[in-house]
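Hi,

Here is the structure I promised to pass on. Have a look at it first, and then read my notes below.

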Amino acid sequence: MAAPVGWEKNTETYAFLVALDISGFSRDLNPDQLLAHRHRFFEAVAETRLFAAAQAQQTVKVHFLGDELRLAFQAVHGVRHLRDFIDAVFSSLERLNNGVPEGYHTRIKGMVLTGSITWKEWHGCGYLDGELPFKSQRWLKELRPNQVAIDTAFRDALQVAGIPVAPLPQHNFGDETGYLLRM
Amino acid sequence: MMHYFIVAFGHGKDALLTAPLQQATAALRSLLDAACSATFGRFPDDVLTSVAPGGVMLAFPDGNPAREEQLCEAVVSQLAHAQATQATVLPICAVITHGPMRSVDVLGYHTNFEGRPAIAAARILAELSSGWLAVGKSAWQFTALAQHLGEDQRLPGKHEGEAFSVRLHQRVRFPTPTSALPVLSSSTSIAHNSFVWRAGIRNAADFFNREREQRTLRVYLHGRQHCQIVGPRRMGKTSLLLHLERIVPTWKPAAVVTYLDLQDARCFTLRVWLAQASQRFGTSASPTTLAEFAECIEDMLRAGRHPVLCLDEFEELTLRREEFTRDFFVTLRSCGQRGMSIVTAAQQRLSNLTESGDPTSPFYNTFPLVPLGPFDDTEAHDFVALAREGVAPFTPAERQVILAFANGHPLALQVTCFHVLQGREEGLNLSDALRRAEDDMQAHLPTWQAKL
């Protein structure tokens, strides 16, 4: 793994954007349920090895909006870690949903996109800027609960890293074709 | 949790965006910066922010709902000004809600608002059309807002609670691009006359020729060079700069072109100039110093963009040396060396605007010349012969007198064509139409003499 370099504000950085969305979150106005969903969701992310390592190395930036969590991991982490991260979040959520009534399970969907991302701030609010956050917002609307999409660049990177991925189902997102890592 | 008024801004679900959403949202943030500066002197310290793709939320501490209205009114002013100057009008809508909320840290990052008013604002915003300021139920009770609210409106969508209905503000309306052009209400039909000359030509269809100059400018800009357009008064320098603003992005998709009229009062002081330039560039920050402006340009360059700064009536800067000091020109030069291009328009060469001992003179040495003169005979003939939608072609006799009168001068061509067309409508003969053209030309260009 290359040496981590940290994030520099207002500087375009090559990274993986992981966007995860709590499915059905916005239909539920019950504050207790909202908080419970968020709690389980954040805990599932926080307990992954990748997130803990990236946070320690300051190679991840986080932007959360309503029900969508965006994590920008610098490319130093490698695609295998990203793929494992997705699996780990879903596994953790499955465990955290144990004992919760079926109708109140926290379910997520998401994606991994590859490209340039810029960490910016606007009057105290940090956010991820660039084409990818906008693309993730468009793509998320197309996904069903439990689905995880990846873009062509990430799929190619998985193949280059020797991680078997074929055949991944294709999904037409309008502006381009993506692949479903999880169905 | 503390109580806040939330004002959420977006573009509207029906927004006609002429730029990618990413740029439009950056422009929205700049617009809010400018509106806050105009209303409160600066962005208020006590306001919390949350940035999203396509919008922003501002949370004002409870206490004074008039502040939210004032901000929205300032946004209206900004948009109205853009409309009046025929600049790009950003589609905007907004919603005000109220209630307990907080700004929370998520996984160690402060990015999110938590609470019912934030959720309601997001849902309402998703259903609003551009132009509207909606007020959610939670904010209806506040007198300052209530006096301007209309009847209950049910929003579409599968929502519950507050997000199901709003009241639309009856006084604040954000100008939208679709209403940028006034609609003639008169039942009298008016013949189309596309010849204009009061200001630079802003309609792409009305811009004519200048192919040679465009080719030269394209080469310069391709090499990220500066250039100076020099020509006499009313020769079409402004129209050419405005045309560059439209066409350069088609030459170079990475280009971001900004036109500034230095005779505009908003360019008289450095502070407002910086705000104008950055707002037009659509930068997320609103610089107040030259260093911050340079940083904004640097951001654009790092993002792979090619900023192109078009400065019209450049002489104005040299007349305001106390405001635009050597530091200003040095900063522009530095931005240019890093990759920003500057295109100036002036009546004199830049070298003539400085004396040899002038400390700003090195800045001017890097601008190749693009002279702008009258149309040649072929160009002038083509201008008059051009088929224009809704305009009957000029007769051979009309063409002859127009060409002879105007002698290739772009302004004279516009003015003469206008009056010949107008004369047709009023039943004037050609001589009377030319007399009107002569009067108009004298008014706009006292030194001009017809070659009749």
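Arg38(A) and Glu114(B) join their side chains in a salt bridge, at 2.7 Å from N to O. (A salt bridge here is a side-chain nitrogen of Lys or Arg within 4 Å of a carboxyl oxygen of Asp or Glu.) The rule finds 1 salt bridge across the interface of chain A and chain B. It also finds 10 residue pairs in polar contact there, both residues at pLDDT 80 or more. (A polar contact is a pair of N or O atoms within 3.5 Å; within protein, one must be able to donate a hydrogen and the other to accept it, and residues adjacent in sequence count only if both atoms are side-chain atoms.)

Before you go on: this is a predicted model, where local features need pLDDT of at least 70 and side-chain atom pairs count only at pLDDT 80 or more, while totals for chains, interfaces and linings use all residues. Residues are numbered from 1 along each chain as its sequence is written, chains are lettered from A and ligands numbered from 1 in the order in which they are written, and side-chain values use heavy atoms, leaving out hydrogens and water.

Now the whole interface. 40 residues of chain A are in contact (heavy atoms within 4.5 Å) with 32 residues of chain B. The area buried between the two chains is about 3,100 Å², with 59% of that from carbon and sulfur atoms. (Buried area is the accessible area, with a 1.4 Å probe, that two parts lose on being put together, summed over both.)

Next, a helix in chain A. (Helices are DSSP runs of H or I with at least four residues, strands are runs of E with at least two, and both are numbered from the N terminus.) Which residues of α5(A), residues 152-160, are buried? They are Phe154(A), Arg155(A) and Leu158(A). (Buried means under 20% relative accessible area, exposed over 50%, partly exposed in between, with a 1.4 Å probe and protein chains only.) They cover an arc of only 100 degrees around the axis, so they sit on the same side of α5(A). (The arc is that of the directions from the helix axis to the C-beta atoms.) After α5(A) comes Gly162(A), with a positive phi near 80 degrees.

Finally, some backbone angles. Most residues other than glycine have a negative phi. Asn146(A), not a glycine, has a positive phi of about 80 degrees, and is partly exposed at 30% relative accessibility. Asn407(B) is not a glycine either, yet its phi is positive, about 55 degrees.

Cheers
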